There are 2 protein chains.
Amino acid sequence: MQDVAHVSAAHPVEFEVDASAYRHWNITYDGALARVAMNVDAAAPLREGYELKLNSYDLGVDIELADIVRRMRFEHPEVRTVVLTSGNDRVFCAGANIHMLGLSTHAWKVNFCKFTNETRCEIEDATESSKQVWVAACNGTTAGGGYELAMACKEIYLQDDGNSAVSLPEVPLLGVLPGTGGLTRLVDKRKVRRDRADVFSTTAEGIRGKKAVQWNLVDAIFPRSKFDEKVLERAKAVADAASKDLAPGTRKGVVLGKLAPEVGPSGRQYRHVSLTWDDTTRTASLTVAGPSAADVRTIEQGGEAMREAGSDLWSLRAWRELDDALLHLRVNHMKVGLVTVRTTGDLATIQAHDAALVKARDHWYAREVLLHMARVLRRFDNTSRSFFAFGDAGTAFAGCLLELALASDRFYMLEQDGVQVAMSELNEGGLPMHNTLTRLQTRLLGTPDQVEALVGKREPMDAEAADDAGLVTVRLDDIDWDDDTRIAIEERSSMSPDALTGMEQNLRFPGPETPDSKIYARLSAWQNWIFIRPNATGPAGALTLYGRPERPHFDWQRV
Amino acid sequence: MQDVAHVSAAHPVEFEVDASAYRHWNITYDGALARVAMNVDAAAPLREGYELKLNSYDLGVDIELADIVRRMRFEHPEVRTVVLTSGNDRVFCAGANIHMLGLSTHAWKVNFCKFTNETRCEIEDATESSKQVWVAACNGTTAGGGYELAMACKEIYLQDDGNSAVSLPEVPLLGVLPGTGGLTRLVDKRKVRRDRADVFSTTAEGIRGKKAVQWNLVDAIFPRSKFDEKVLERAKAVADAASKDLAPGTRKGVVLGKLAPEVGPSGRQYRHVSLTWDDTTRTASLTVAGPSAADVRTIEQGGEAMREAGSDLWSLRAWRELDDALLHLRVNHMKVGLVTVRTTGDLATIQAHDAALVKARDHWYAREVLLHMARVLRRFDNTSRSFFAFGDAGTAFAGCLLELALASDRFYMLEQDGVQVAMSELNEGGLPMHNTLTRLQTRLLGTPDQVEALVGKREPMDAEAADDAGLVTVRLDDIDWDDDTRIAIEERSSMSPDALTGMEQNLRFPGPETPDSKIYARLSAWQNWIFIRPNATGPAGALTLYGRPERPHFDWQRV
């Protein structure tokens, strides 16, 4: 198998893209309306070995889409409606590129699906939380991942031309699942009847016209001649309903500047974030520096001052850097199994930062900064690496940075004068996990009284107090610190990476479930299983043979 | 690989066992107290090739346990406390037998885990719904599946002897998950802190003594000298608290008689249930006959008359037969991918049956009969085969039997005079799915007004009316019936069995999640994935090499 996913130190995948030169998307603005047209350049795949025909996508196409969704929220806050459509006259989107999938390693497929899932969840977050409403104008064939993308939008309009259909042909044609949220959004978001969903998901040619509306697969159909006009009319009405309290025209965007980290053979240094890795021990070290007093003063002046400070404000930049570091780790350093997490800075400054940010949140920009922070933390939650947070000398796990310790699988804390942690408003809300709870509520699910006792507590806690409060996994004095943490790292690094992934995924998210958590924890797990079954990816598997004359050969055993 | 799971027509696994001669369990009764001691006969595995040392279990051991749990509810309703303990002086239970797992095919492992999960959920159902409270008296090493079994009990008592520990060593020792509910019950049922759960699940030797209590891994520890006495004292208190409204001594049990189906080369004929299979087309046909007027008259006389009628009453017997048929299908006919489901009988009689049963439910036996029916239906929901319900001439999908159509992936209904379906009280409650909803609520999740409109509706509905009500997937006239259903069967039977399993698992359970649904849909999916990863089951995988001197060899890529 040629491995299109082959990533070397010389050719890492980069997640920062040049927004002035997207290769696969055309964006036009008209006041409160934006039009994002998918127009995939077939000759520009991320890796060699396949062509991106029929508006099919690979990771490169999706990295651009993720950039578009994010920038739209910061750079174009005047936009209320985003019409997602196609620049191709006959095909809205044919889904993930099958040849790319066929050429990819298992790990690449899983990483690819996770990233695309996160982008689709971000479209929903923009729609729900920022009232920047995405709608899908399906002006042609909408198949597989194309329909999954449409389902991430608030409404779906399908061209009624006797030909354009929506479909999820993965099961009948490829022997895999519509795993980018497809099955979950079908029955849990759109609430399509489960028996109809069964018919739909096994009908390769899909469903079109009135039946698509009746089954709630789409929200409306419009004839070809009136498609653009009707879409616009309805999309505006949807956006108006969603954001009726919003004063138009008062928002000025903030351009997201380049992060441009210093990249070396064993590390990436950003302004506030440092990521280093050691391929021999298969470990990495992630350090996030807290805000400065100047950052805090800016925020204390309110949302408009924050906006004027632009994307260099710590509250945005540090978290964009962390996001980039996490993605880099996921895709370019797959053998790194354990990440130690540290923070530096001043506890009181972080607390002041969080308090000021929460106070400013009525301003759209402050709100976006908070929503962004929450999304990065959810990316952290969903990253399949073991995280050990180390609260040793010089540590600064307070408020939003304490979330990194709470998101980690373990938190080691040193018993020493001056080593402390502290709470802020942001540990009590504003940065929800996919299970809707705060990380504190999730951690202390069995002892809600401990959560209650921490509400409003702002005094710093030393290791003993933090341990009593339920925040610390392992408390060590400085005699034991080096040996015990070294042994913990070595032990963790010796265990089966697969078992650790499965274990962490099941321990990190107790409590309630949401469509998002179902997508990441349940649908994705089934898809991962199917992706390594010979019936899909063996020499005679359906995914392998797609597009070839041979018929797949199945082991008929039902598991 | 020797396949211990090899099942032939000549040697099918049977799920009915001789309750007078359990091989692996000793049961003693003392009034309201029962003691179930695990005492596995190492020399009596279900298949050849491994020994069941150290109270480890295989499917044969668990089939007996399932029988014990079920019989206890029907045959010993006077029992309020069940103390689950070990007949072995040093080992409570060492979990699933590793050598058996190492020798088993993937499909066997998955089936085995599903059945053991169902048994553990039934222990919880007995505890919660029947107030027959199971507690675990861990009088020795409680490892892996042994601790998972203990976690299914309401409370766990551990002997404090400096040696006995509870542990989940699957991740560090075997490279697989504690997948029989372990990880889920740890953080979702016992609400152990997720970071402590991380430490515990990666510590092979486990945790004992006071720390086990502090971390809520067990509910109490007692010294060896006082263990039996203290367990009894506390277990009685727990049971008294659970069933304080229960008048003691008024219940007389019902012995569960043998089902003894007629077994042929292509079918099993029970009194009310018929299962036939065709290995060429990989399809099976399941038919359930409804109750007789005499059955209904018995029930109308109330719970005590029902009890006197014994286990031959349709309401119990037919559902025990269905349960046995489903298990037989799962384990002995793995290549059957599609099951057509039919019912026969009289709609009004079934409706009268359901109404009488619901009326009698204040009697313990009527309640047990209902709880049993609900469990069998959940086994149906969790069976990884495609189910197409066929409502053609002579059909009797009413009330409790209509649940079979609602549980099926599709319901085909014939447009013909006399072909009707009908609702009863049991479609409105009493037979909940794992997601806590009725099957009607689940099906009509997006249109709760349709659910509302059906409440109290008792007039039979023809195909058109049933379709309007949202109950029918495909409505066909008699000209199309044969061809269209034949094509549907052929199409379904041609698709990848893995993709269908994953798809059905994601479409059948929209809506809320519970620990049970997390165990079946999320934890199990991750375990299934890990079970086929080379890091676990490859030639140098951790599960394969367990007990041998070689160290496992891992592909370190994190997925």
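Chain A averages a pLDDT of 95, and 97% of its residues score at least 70. Residues 1-5 of chain A fall below 50; beyond near neighbours in sequence, this stretch still has 16 contacts in the model. The model is predicted. The predictor gives the complex an ipTM of 0.95 and a pTM of 0.96.

**Sheet in chain A**

- An open sheet of 6 strands runs in the order β1-β2-β4-β7-β9-β11 in chain A, with mixed pairing.
- Its edge strands are β1 (25-30) and β11 (220-223) of chain A, and each of them pairs on one side only.
- From one strand to the next, the twist averages 20°.
- Within this sheet, β4 (residues 81-86) and β7 (residues 133-138) of chain A pair in the parallel sense over 4 bridges.
- A:Val83 stands opposite A:Val135 of β7(A).

**Helices on the chain A sheet**

- Helix α1 (residues 59-75) of chain A lies across β1, β2 (33-38), β4 and β7 of chain A. Helix α1 runs at about 15° to β1(A).
- Helix α9 (residues 227-242) of chain A lies across β2, β4, β7, β9 (155-160) and β11 of chain A. The angle between α9 and β9(A) is about 170°.

**Helix pair α12 and α14 in chain A**

- The axes of α12 (residues 314-332) and α14 (residues 364-381) of chain A come within 10 Å and cross at roughly 25°.
- An angle under 35 degrees counts as roughly parallel, so α12(A) is roughly parallel to α14(A).
- The crossing of α12(A) and α14(A) is left-handed.
- On the α12(A) side, the contact is made by A:Ser315, A:Leu316, A:Trp319, A:Arg320, A:Leu322, A:Asp323, A:Leu326, A:Leu327 and A:Arg330.
- On the α14(A) side, the residues are A:Tyr365, A:Val369, A:His372, A:Met373, A:Val376, A:Leu377, A:Arg379 and A:Phe380.
- By class, the contact of α12(A) with α14(A) has 11 nonpolar, 2 polar and 4 charged residues.

- Helix α21 (residues 515-531) of chain A meets helix α21 (residues 515-531) of chain B: their axes come within 8 Å and cross at roughly 30°.
- The two helices, α21(A) and α21(B), are therefore roughly parallel to each other.
- α21(A) passes α21(B) in a left-handed crossing.
- Chain A contributes A:Tyr520, A:Ala521, A:Arg522, A:Ala525, A:Trp526, A:Asn528 and A:Trp529 to the contact.
- Chain B contributes B:Tyr520, B:Ala521, B:Arg522, B:Ala525, B:Trp526, B:Asn528 and B:Trp529.
- The residues of the contact between α21(A) and α21(B) divide into 10 nonpolar, 2 polar and 2 charged.

**Sheet in chain B**

- An open sheet of 8 strands runs in the order β12-β13-β14-β15-β16-β17-β18-β21 in chain B, again with mixed pairing.
- β12 (262-264) and β21 (474-477) of chain B stand at the edges, each with a single partner strand, so one side of each is left without a neighbour in the sheet.
- The twist averages 20° from one strand to the next.
- Strands β16 (residues 338-344) and β17 (residues 386-391) of chain B run parallel and are joined by 4 bridges.
- B:Val341 stands opposite B:Ala389 in β17(B).
- Helix α19 (residues 481-494) of chain B packs on the sheet. It touches β15 (283-289), β16, β17, β18 (410-415) and β21 of chain B.
- The direction of α19 makes about 175° with that of β17(B).

Definitions and conventions
Residues are numbered from 1 along each chain as its sequence is written. Chains are lettered from A and ligands numbered from 1 in the order in which they are written. This is a predicted model: local features need pLDDT of at least 70, side-chain atom pairs count only at pLDDT 80 or more; totals for chains, interfaces and linings use all residues. Side-chain values use heavy atoms; hydrogens and water are left out. Axes are lines fitted to C-alpha atoms, for helices over the stretch in contact, and angles run from 0 to 180 degrees between N-to-C directions. Angles under 35 degrees count as roughly parallel, over 145 as roughly antiparallel, 65 to 115 as roughly perpendicular and the rest as oblique. A crossing is left-handed if the near helix is turned anticlockwise from the far one by less than a right angle, and right-handed if clockwise. Contact means heavy atoms within 4.5 Å. Ala, Val, Leu, Ile, Met, Phe, Trp, Tyr, Cys and Pro count as nonpolar, Asp, Glu, Lys and Arg as charged, and the others, Gly among them, as polar. Two strands pair if DSSP finds at least two bridges between them. pLDDT is the predictor's confidence in each residue, from 0 to 100.
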